[in-house]
Amino acid sequence: MNKIFIWILRIVTAVILLQTLYFKFTAHPQSVEIFTRIGLEPYGRIGIGVLELIAAVLILIPATSGAGAMLAAGLMSGALFFHFTSLGIVVDGDSILFIYAVIVFVSSLILLFLHRNQLIAMISRIFKPGNLSSAVLIIFTFLFSNCTTAQNNKYMSDNQNKYYSKTDTSKITVSNDEWKKNLDEKVYNIAREKGTERAFTGQYWNHYEAGLYRCKACGNALFRSDGKFESSCGWPSFFEPITPQSVKYAEDKAYGMERVEVMCGRCDAHLGHIFDDGPPPTYKRYCINSVIIDFEKK
Ligand SMILES: [Zn+2]
């Protein structure tokens, strides 16, 4: 009976781990969003996916179940940490990733407990006299992973944007130096230096969930999914903003073209350009960079 229980636990843990890594390898929007926010997209996402694969395989092999469960519990404690910060609340949406993380974390802990003898044996083998090199290796790995985590935390707190608000609609006029302190590099490049992301590389050009798009620099509500349409241009395309005041316009003669620039109505961030080849009823196409918008699921 106990054996059957352990096997069910192993299979459930491994299958859900495989599901979360499937999300990572197929660039599920929630995964991409969370790794973009911590500045580890795409390598962090792929790396964690590979570790999840290793954990799932180790869990399914009886002799290494304990090690696999330890790895899975470590990975999921990291995931849960993000889900319990404001980051997770913004990203979660339907919270499926959160539920997966909780199930895998709890079942890994149970597996760890059931396989504690295996782990004790493993640890004593590693730390037995004469096996100093593997002990040193393990300690280094541990220190390295801790440094990486510390780095990420630093990255997150450095990038807290004090001008971002979903409720304050008052205009923002601050210097570019001040923006530089509050925006990450990619967002700053589009917002303040009028950069353009490469076509078909952004997060939202083929994104059609129902919800709201906000300015990534200030949180101002810009477009609704009802105002978005499928365009083959490679950038998110909208035919109307939420209100006429959500955005503003300026002439743009850069690169020898006469275009009309679209900016955020609250903070003047550059968003993209507007063209006259959109669908009815407005016949306009607001061609917007994914980097400068945030999606909020309805
Ligand atoms: Zn803005």
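Helices here are DSSP runs of H or I with at least four residues, numbered from the N terminus. Helix α4 is where Gly-66 is found. The model is a predicted one, so to speak of local features takes a pLDDT of at least 70, side-chain atom pairs count only at pLDDT 80 or more, and totals for chains, interfaces and linings use all residues. Residue numbers start from 1 along each chain as its sequence is written.

Gly-66 is buried, with 23 other C-beta atoms within 10 Å; buried means 20 or more such atoms within 10 Å, exposed means 12 or fewer, and partly exposed is in between, with C-beta atoms placed from the backbone. Setting aside neighbours within four places in sequence, Gly-66 is in contact with Leu-112, His-115, Gln-118, Leu-119 and Met-122, contact being C-beta atoms, placed from the backbone, within 7 Å. Leu-109 is 43 residues from Gly-66 in sequence, yet their C-alpha atoms are 9.6 Å apart.

Next comes the helix pair. The axes of α4 (residues 65-83) and α6 (residues 96-114) come within 8 Å and cross at roughly 145 degrees; axes are lines fitted to C-alpha atoms over the stretch in contact, with angles from 0 to 180 degrees between N-to-C directions. The contact includes Gly-66, Ala-69 and Ala-73 of α4, and Phe-105, Leu-109 and Leu-112 of α6.

Technical notes: Helix = DSSP H or I, 4+ residues; strand = E, 2+ residues; numbered from the N terminus. Contact = placed C-beta atoms within 7 Å.
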